Amino acid sequence: MRQKTRPMPSEPEQAAGNGVLDRRLFLTGGAAAAIGSAVLPDHARAAEALPVEPWMKTPGSPFAPYGQPSKYAGKVGRIFASAPGTTGTGASRTPHHLLDGMMTPNGLHFERHHSGIPDINPETHRLLIHGLVKRPLTFTLDALMRYPMESRIAFIECAGNSALLYQKEPAQLGVQPIHGLLSCAEWTGVRLATLLDDAGVDPRAQWILAEGADASGMSRSVPLAKAMGDAMVAIYQNGEPVRPSNGYPMRLLLPGYEGNANVKWLRRIKLTEAPTMTKDETSKYTMLQNDGKALQFCFAQEAKSVITRPSPGLTMAAPGLYEITGLAWSGYGKIAKVEVSADGGASWALAALQEPVLPMAVTRFRSPWRWDGGPATLLSRATDETGYVQPSRSRLIADRGARAAYHFNGIASWGVAQGGEVRHVYA
Ligand SMILES: Nc1nc2c(c(=O)[nH]1)N[C@H]1C(S)=C(S)[C@@H](COP(=O)(O)O)O[C@H]1N2
Ligand SMILES: [Mo]
């Protein structure tokens, strides 16, 4: 597939080596004019020749209750794989190389199911809050929806996203298979704190257990402080009821926390003094360190960024002006800056951050890049508002080892070859 961006004729100032240009280029009208004349060099004649297409000569198609993407956008889909012997146990991945902006459409949100998607009847589904509370409460969906609701935009990232970069050799794959276990949506629902206040938290309670209603009985322990903070029982996803694959009729949203703690098909919250040590936090989701010890309860996803274009599968057409764009996010707050390099990390330039820049949401970054047609190694490096800087892959592996399996947030790199082919490389 061709890059959407075309070469631009102008030659603005370099901000870093190998053609990375000042991020403000895209804020100037000059850049837009340059792109315009590059797209249609002969626009005067083109206007005369503009054909009256068949779809202008006959009425269009009728309405449908639920809209579908253009049939010409058919490639914009998730890829997925199921565990052997199962149909719905595995993961599907978001095609970030074909998307833009910050929101993931519901039909393209990544999915991770430990035992497929349950077919939950909202009439019979219940949410129980019990344990160290003054009065246990049971909620129907209708009862839950009478509480005050709020919305927030948040990413969810599987702890196993980008785990292929722990491998010795760069997997010859693109953004979607490597980094596609990340999505961002607007979630609407009831603050968990509101429900816990209603149940009355016993002062001995320090943790909660969250349990799903699927056949895997997915359950995780979460510190009470998070539950009483920004945790939400989400009922809507990008404005419509949460999709069955993402937790219908209700899911736990823990902004910034590793995906698995965001329990889908939420049926039970138990307040406890200590973590419950469920199968999902002992057999999995611990990080094996170099010294043989494993870290447990690594909740927040560290700051990270990925270039979504150019990326493998999107061959560059011709030398000229391109946009390097991608996503940055942090489970610890807002993204403060993203730097981009086209020379394998020898020099860096600030990328433009597209508004809104929100805590625990993805941030879209953009950098103009003049590709001279020669080899280039493209990198991005995120810094969050705590000052944490995304580490190089080698730094991350030196600190943590390569057996951690989860939370890979090291710098990723794409190599552009002479001729424009883009491949996964290690810088
Ligand atoms: N009940 C339940 N909740 C679950 C899971 C599951 O299998 N069952 N998978 C978890 C994992 S590992 C991840 S990464 C996220 C994925 O959320 P999504 O499918 O909405 O993207 O859901 C989490 N919540
Ligand atoms: Mo996950």
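1. Domain bounds here come from an automatic or database domain assignment, and on that basis the protein has domain 1 (127-276) and domain 2 (304-425). The C-alpha centres of domain 1 and domain 2 are 28 Å apart.

2. This is a predicted model, in which local features need pLDDT of at least 70 and side-chain atom pairs count only at pLDDT 80 or more, while totals for chains, interfaces and linings use all residues. Residues are numbered from 1 along each chain as its sequence is written, and side-chain values use heavy atoms, with hydrogens and water left out.

3. Taking contact as heavy atoms within 4.5 Å, 28 residues of domain 1 touch 32 residues of domain 2. The buried area, meaning the accessible area (1.4 Å probe) that two parts lose on being put together, summed over both, is about 2300 Å² between domain 1 and domain 2, with carbon and sulfur atoms giving 63% of it.

4. One salt bridge (a side-chain nitrogen of Lys or Arg within 4 Å of a carboxyl oxygen of Asp or Glu) is counted between the two domains. Glu 157 forms a salt bridge with Lys 304, and their closest N and O atoms are 2.6 Å apart.

5. On the side of domain 1 that touches domain 2, the elements giving two or more residues are β8 (150-157), α4 (175-179) and β9 (182-191), where helices (H or I, at least four residues) and strands (E, at least two) are DSSP runs numbered from the N terminus. The largest share of that side, five residues, comes from β8.

Note on methods: Chains are lettered from A and ligands numbered from 1 in the order in which they are written.
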